[in-house]
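Good morning, and thank you for coming.

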Amino acid sequence: MFGAIFGSLLITAGGQTGAQNLADFARAHEDFRNNFVNELRQHRIAGSSFVFIHDSQVIAKDLYGLADVEQNRPVDEDTTYHWASITKSFTGIAIMQLRDRGLLKLDDPVIKYLPELKAAHNPYSDMGDITIRHLLSHSAGFRNPTWTWRDDDKDWQPFEPQRWDQLVAMMPYTEVLFTPGSKYSYSNPGFIYLGRIIELLTHDDYEVYIDKNILKPLEMYRSYFDTTPYHLLKFRSHSYYVRDGKRTPGRFDADTGITVSNGGLNAPMPDMVKYLNFLMGDPKRQQTYDMVLKRSSLEEMWQPQLTATGDYTQGRMNDDTAVGLAFFIDNIEGQRYVGHNGDQNGFKSFLSLCPGTRTASLLVFNTETEPTTNDPRNLLSTESKIARSVIKLFQSFRPR
């Protein structure tokens, strides 16, 4: 089943340049949509949604397949997806809010707030050398996976650790893998530590703080964390895995527990469009946006900190892809691209924006066709190939 909606085009660039962009985009989107449908059908992906935005307006939208195969429920505008590690960008924004309010400094040692980390093994330096900035830029030296002992074949095991004290108990078995700040290495635990800092400083649960300080101000009223509220269950997408041509369901409505700040966000596409528009900025709404995070602080998050060498988990990664503060930055043909990906429990999601052309996109799948590994072959997965092909839509808006 496939439904595609190609909305009205709104090009704000003036005169001949705008007309040429319009024509180029229309051709690029037709090619993208044809490839999108063919790839999803061929690889048995149950459902997917895609939107492309220019100047705060959705100018292309493609909805494909089923949100729930067993119920034969189609994907529509209300379908709620799990956005996984895109949650990290919300965590980063929350940390910058607290910085701007004078509650912390980015170069504060993490053990100032989380003394439990002193128990970790650090053969390179003192644990006091690890800063909040290191956590935000994946350069603290912590491992990638949160909980390396889970066996996904045993459904009686919790999806993720549920309590902070479970992580604290593993601190003596946690090793710092390189000198903090010396290089990049993607780390999920680092963002769990950031979520814990948010809770300690604000006296709110992470989910409550994000809801009050980001979701509600941006009018993302149907976004939430972890277990779906009963009144929204009818919109919740199931998730699936395809292995050897066979599609099987993932855990429904998985609970990320204490790791929520690392990947617990669920939201429908219209809410995520509001988030993208906040990231893009808009003079008409800037007063509201600045109450969430002032523009200069957001731009600070998009300044390269380190080259993300050897990481193939973020979809479209170039040799010089950089990590900022909770975002990744690419430079392609003179244009800066900012984004983040997500991958958890069968969902894969991709958020990208090009500030210079005021364009952005969201792409999400409810089916994983291949396990995501830090290997160049990850770039050849169906989901990654589709995500990387979106660049042609962005390039149709490049200055002439």
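This is a predicted model: local features need pLDDT of at least 70, side-chain atom pairs count only at pLDDT 80 or more; totals for chains, interfaces and linings use all residues.

An open sheet of 3 strands runs in the order β5-β9-β6, and its pairing is antiparallel. The strands at its edges are β5 (80-84) and β6 (224-225), each of which pairs on one side only. In general, the strands of a sheet pair through backbone hydrogen bonds, either parallel or antiparallel. Here, two strands pair if DSSP finds at least two bridges between them. Strands are DSSP runs of E with at least two residues, helices are runs of H or I with at least four, and both are numbered from the N terminus.

Residues are numbered from 1 along each chain as its sequence is written, and side-chain values use heavy atoms, with hydrogens and water left out.

How many bridges join β6 to strand β9? There are 2, and β9 covers residues 265-268. F225 stands opposite L265 in β9.

The largest nonpolar core has 75 residues, and Y275 and L279 have the most contacts inside it. Such a core is a set of buried Ala, Val, Leu, Ile, Met, Phe, Trp, Tyr and Cys residues joined through side-chain atoms within 4.5 Å. Buried means under 20% relative accessible area, exposed means over 50%, and partly exposed lies in between, with a 1.4 Å probe and protein chains only. Helix α8 (residues 269-280) gives this core its largest share, 8 residues. Leaving aside neighbours within four places in sequence, L279 is in contact (heavy atoms within 4.5 Å) with residues including I93, W302 and F327. Another core, of 25 residues, lies apart from the largest one and has I332 and F394 among them.

My next residue is R101, in the loop between α2 (87-100) and α3 (132-136). Is R101 buried or partly exposed? Its relative accessibility is 43%, so R101 counts as partly exposed. Not counting residues up to four places away in sequence, R101 touches Y209 and N213.

Finally, the protein as a whole. Its secondary structure comes to 12 helices and 16 strands. Buried residues make up 57% of the 400 residues. The C-alpha atoms fill a box of roughly 60 × 45 × 40 Å, taken along the principal axes. Thank you for your attention.
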